[in-house]
Amino acid sequence: MIDILLATYNSQEFLREQLDSILNQNHSDFRIIIGDGGSRDGTPELLSEYAGHHPGRFQILPGERRYRSAENFARLLAASDADFVMFSDHDDIWKPDKIAVSLECFHRNFPENSDTPALIFTDETIVDRNLRVICDSSMRFQNFDPGRTELAQLLTQNIIGGNTMLFNRALREAALPIAPEALMHDCWVALCAAALGGIAFCPERTVLYRQHGGNVMGAASASPRAMLRKLRDGRQAFLAGVRQARALLEHLGRDPRLSAENRAVIAAYAAMEHQGFFARRRTALSRRFLKNTWRRNLLLLATM
């Protein structure tokens, strides 16, 4: 059984297409758990319609207030009890074999490690609001190297989108509860996998990722304009990542699966908050707390 976790908020415009794409999967052993964050459009009525037409397929959590995206996914993760978990954005479209491809990839990479926290992720195709292709590979569009999934690298730069993940029960249990300091739910889950278990990449494009003005966390290109924005916001982003590392160290501190090496990596990242200008940069270089292009690293070293 797979639990598909879907967070909604004023999602009426694209939600029907996404729900249909999930229901049309060629692997059918799944449940959709939905958490609404207090939508004021037609989202609640649309969800009730689908739940009524597909009894037993949907579980809808009450949405008494507005939730941040990470907070909404955190409560969805806490409600899950399946063998595997997948995150879903409300405005994507899943290819019909997304679940089947993801499961096959997981079992191929982790054949006998059901007790080890493990995660696989795939590539995706970026489209505009009308499903016209912008780029056939999110990894290429964002200039990401999917092989960079070591703990030190993910502390510095998350490259794993939640909407492409599939992970096991062991990782779900290890990640809960998601700390308030987590930058995003997917970033937190990926860090727990890197610290305690394993991560594998599957190059198949399993999602049409819709890029539009309402995205909470849109795919960002490596354009000069994007880089200038990151230069402006880099200091705060760095400090938020440090706070996340400190929370991760506290969260995993007593887990016997956390190796001494990985404990030291997280502690070194968290300690940079209190280091001086030159010491912080020495730590980043010596520990390889770096991103995956020279341009991004120049921005990082300039703003951290």
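1. F84 and F106 are both buried (under 20% relative accessible area with a 1.4 Å probe, protein chains only; over 50% is exposed, and partly exposed lies in between). The model is predicted: local features need pLDDT of at least 70, side-chain atom pairs count only at pLDDT 80 or more, and totals for chains, interfaces and linings use all residues. Residues are numbered from 1 along each chain as its sequence is written, and side-chain values use heavy atoms, with hydrogens and water left out.

2. The whole structure contains nine aromatic pairs (rings of Phe, Tyr and Trp, the last by its six-membered ring, with centres within 6.5 Å; planes under 30 degrees apart are stacked, over 60 edge-to-face, the rest tilted). The ring centres of F84 and F106 are 5.1 Å apart and the planes stand at 80 degrees, so this pair is edge-to-face. It joins strand β4 (residues 84-88), which holds F84, to helix α4 (residues 98-109), which holds F106, across 22 residues.

3. F121 and F201 form a tilted pair, with 4.9 Å between centres and 45 degrees between planes. F121 belongs to strand β6 (residues 118-127) and F201 to strand β9 (residues 198-210), 80 residues apart. F121 is buried at 0% relative accessible area, whereas F201, at 25%, is partly exposed.

4. Ring pairs also link F73, F87 and F167 into a cluster.

5. Of the 304 residues, 54% count as buried. Among contacts with a separation of 6 or more, 77% are between residues 24 or more positions apart (contact: heavy atoms within 4.5 Å). The C-alpha trace spans about 60 × 45 × 40 Å along its principal axes.

Key:
Helix = DSSP H or I, 4+ residues; strand = E, 2+ residues; numbered from the N terminus.
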